[in-house]
Amino acid sequence: MKHVSAFLLFISLLLNAYLVNAADAVKPFTIGIGTYASTIAYDNSLVKDDDFSGFALSLGYAVSDQFGFRGNYFSLEQDDSSDLESKGIDLLGYLGVGLATHGFKAYVGGGFFSDKWELGPVSETFSGLQLSGGIGYNWDSVSLDFLLNIRDASDYEDFVNRSFPFNPVSAAAVSGSLLISYRF
């Protein structure tokens, strides 16, 4: 009986060590899919805001628990007219906590965006820098993230002001996404 108790204690300690290590295991890569929305808001009541929604594909790599990278590809349609499409990428770097391990995570950073609008054969590309941040949670093999990006709106302003020079506008541009990812 003494040997059985020692054996069970030994197995219990091994299992406990395994579970602790599994919970703290670093899984730096993520591949995900989710919803994506962007809004370009204009300060002039004669120019209607541009609201888009659709989906995003995401790839991420956490260099450490405090530093990571993410790339998003998005494909959107304008909410008022599905003929106007927006497709593009976000390339982002983050500083934060909990990026690679199990548990809560929060991060801020920034990077580059490129957004191409297409309406039939006509297209226009907007690009620039953006500030970004997010919160989420990492389970063993799954991650959930909510991201918010504040984009440089100068390309959007220039486009509208070229189209309507008699009525200049200022703009603000934001995008956001809710992503579910596989961690490995």
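1. Terms first. Two strands pair if DSSP finds at least two bridges between them. Helices (H or I, at least four residues) and strands (E, at least two) are DSSP runs, numbered from the N terminus. The model is predicted: local features need pLDDT of at least 70, side-chain atom pairs count only at pLDDT 80 or more, and totals for chains, interfaces and linings use all residues. Residue numbers start from 1 along each chain as its sequence is written, and side-chain values use heavy atoms, with hydrogens and water left out.

2. The fold is a barrel. Eight strands close it in the order E1-E2-E3-E4-E5-E6-E7-E8, with antiparallel pairing. From one strand to the next, the twist averages 25°. Axes here are lines fitted to C-alpha atoms, for helices over the stretch in contact, and angles run from 0 to 180 degrees between N-to-C directions.

3. Start with E1, which has two partners to look at. E1 runs antiparallel to strand E2 (residues 50-62), joined by 12 bridges. E1 also pairs with E8 in the antiparallel sense, over 13 bridges.

4. Next, the hairpin of E4 and E5. Strand E4 (residues 84-97) and E5 pair antiparallel over 14 bridges. Tyr 94 stands opposite Gly 109 in E5. Five residues lie between the two strands, and Gly 98 in the turn has a positive phi of about 70°.

5. E5 then turns into E6. These two strands pair in the antiparallel sense over 17 bridges. Tyr 107 has Gly 134 as its bridge partner in E6. The hairpin has two residues between the strands, and Gly 120 takes a positive phi near 65°.

6. E6 continues to E7. Strand E6 (residues 122-138) and strand E7 (residues 142-151) are antiparallel, with nine bridges. Tyr 137 finds its bridge partner in E7 at Leu 144.

7. Look at helix H2 too. H2 (residues 154-163) lies across strand E1 (29-42), strand E5 (103-119), E6, E7 and strand E8 (171-183). H2 runs at about 150° to E6. Contact means heavy atoms within 4.5 Å.

8. A cavity is a set of points, on a 1 Å grid over the protein atoms alone, where a 1.4 Å probe fits but cannot get out; lining residues have an atom within 4 Å of a point. The lining of the largest cavity has 17 residues, of which Ala 62, Phe 69, Arg 70, Leu 99 and Lys 105 lie nearest its centre. E2, strand E3 (67-78), E5 and E7 each give two or more residues to this lining. Seven lining residues are nonpolar, five polar and five charged. Asp, Glu, Lys and Arg count as charged; Ala, Val, Leu, Ile, Met, Phe, Trp, Tyr, Cys and Pro as nonpolar; the others, Gly among them, as polar.

9. A salt bridge is a side-chain nitrogen of Lys or Arg within 4 Å of a carboxyl oxygen of Asp or Glu. Lys 105 forms one with Asp 145, at 3.1 Å between the closest N and O atoms.

Conventions. 1 Å grid on protein atoms, 1.4 Å probe; cavity = no way out; pocket = protein on both sides within 12 Å on 5 of 7 lines; lining within 4 Å.
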